[in-house]
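Please read these points alongside the sequence and the coordinates. They go from the overall fold to single residues.

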Amino acid sequence: MLAFCIRRVAQAAVVMLVVGLIAFALFRFVGDPVVFMLGQDATPQDRARMSAELGLDQPFHLQYARFVGRALQGEFGLSLRQLRPVSTLFRERLPATLELAIAAALFALAVGIPMGVYAALRRRSWLT
């Protein structure tokens, strides 16, 4: 049983790395985040400075390794739209997300259990 759990955890880690790599590659090649952050009126010197600060002047594999290392520490970088740390945005929005998830689960239980009981008791009726 322990070997099975270890295999599953290893498989999950590989899947998360592959999905992260695909997402990282897609976001990297969709557009230049520096232009998005600074705007089109930024000077070439400002763009070069921001690229160096964000590590976008490094090769792709080094950028991905840095991303994975920081993600393991819970640091996901800066939001492109708000220019704030993503971890701060997560913390701000977590209470509302949990409230919505709990409300949805309670609603599903409140509706699902009675409907399941009804379907079990009234087989072949027009509702089931």
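1. From the N terminus on, the elements of the protein follow the order α-α-α-α-α. The count is 5 helices and 0 strands. Here helices (H or I, at least four residues) and strands (E, at least two) are DSSP runs, numbered from the N terminus.

2. On the basis of the work: this is a predicted model, in which local features need pLDDT of at least 70 and side-chain atom pairs count only at pLDDT 80 or more, while totals for chains, interfaces and linings use all residues. Residues are numbered from 1 along each chain as its sequence is written, and side-chain values use heavy atoms, with hydrogens and water left out.

3. Overall dimensions. The radius of gyration of the protein is 23 Å, whereas a compact globule of 128 residues would have one near 14 Å. That radius is taken over C-alpha atoms, and the globule rule is 2.2 Å times the number of residues to the power 0.38. Along the principal axes, the C-alpha atoms fill a box of roughly 75 × 45 × 25 Å.

4. Burial and contacts. Of the 128 residues, 12% count as buried (buried is under 20% relative accessible area, exposed over 50%, partly exposed in between; 1.4 Å probe, protein chains only). Of the contacts between residues at least 6 apart in sequence, 34% join residues at least 24 apart; a contact means heavy atoms within 4.5 Å.

5. Surface and charge. The accessible surface comes to about 10400 Å², and carbon and sulfur atoms hold 69% of it. These areas come from the Shrake-Rupley method with a 1.4 Å probe; for residues, only the protein chains shown count as cover. There are 14 positive and 8 negative side chains, and the centres of the two sets are 19 Å apart. Lys and Arg count as positive and Asp and Glu as negative, without His and the chain ends; each charge is placed at NZ of Lys, CZ of Arg, CG of Asp or CD of Glu.

6. Annotated spans. An unreviewed UniProt entry places the feature "transmembrane region" at residues 12–30 and 100–121. UniProt positions are given in the numbering used here, feature names are shortened, and annotations may be inferred rather than shown by experiment. In the model, residues 12–30 are 100% helix and 0% strand, with the end C-alpha atoms 27 Å apart. Residues 100–121 are also 100% helix and 0% strand, and their end C-alpha atoms lie 32 Å apart.

7. Helix α1. Ala10 belongs to helix α1 (residues 2–30). Ala10 counts as partly exposed because its relative accessible area is 41%. Ala10 and Gly55 are 45 residues apart in sequence, and their C-alpha atoms are 29 Å apart.

8. Helix α4. Gln63 sits in helix α4 (residues 60–72). Its relative accessibility is 7%, so Gln63 counts as buried. Leaving aside residues up to four places away in sequence, Gln63 touches Phe24, Arg28, Gly55, Leu56, Asp57 and Gln58.

9. The loop between α4 and α5. Gly77 lies in this loop and is buried, because its relative accessible area is 19%. Beyond residues up to four places away in sequence, Gly77 touches Arg84, Pro85 and Val86. Arg66 is 11 residues from Gly77 in sequence and 10 Å away, C-alpha to C-alpha.

10. Backbone at Leu83. Which residue other than glycine has a positive phi near 55°? This is Leu83, in the loop between α4 and α5 (86–121). Most residues other than glycine have a negative phi. Leu83 has 44% relative accessibility and therefore counts as partly exposed.
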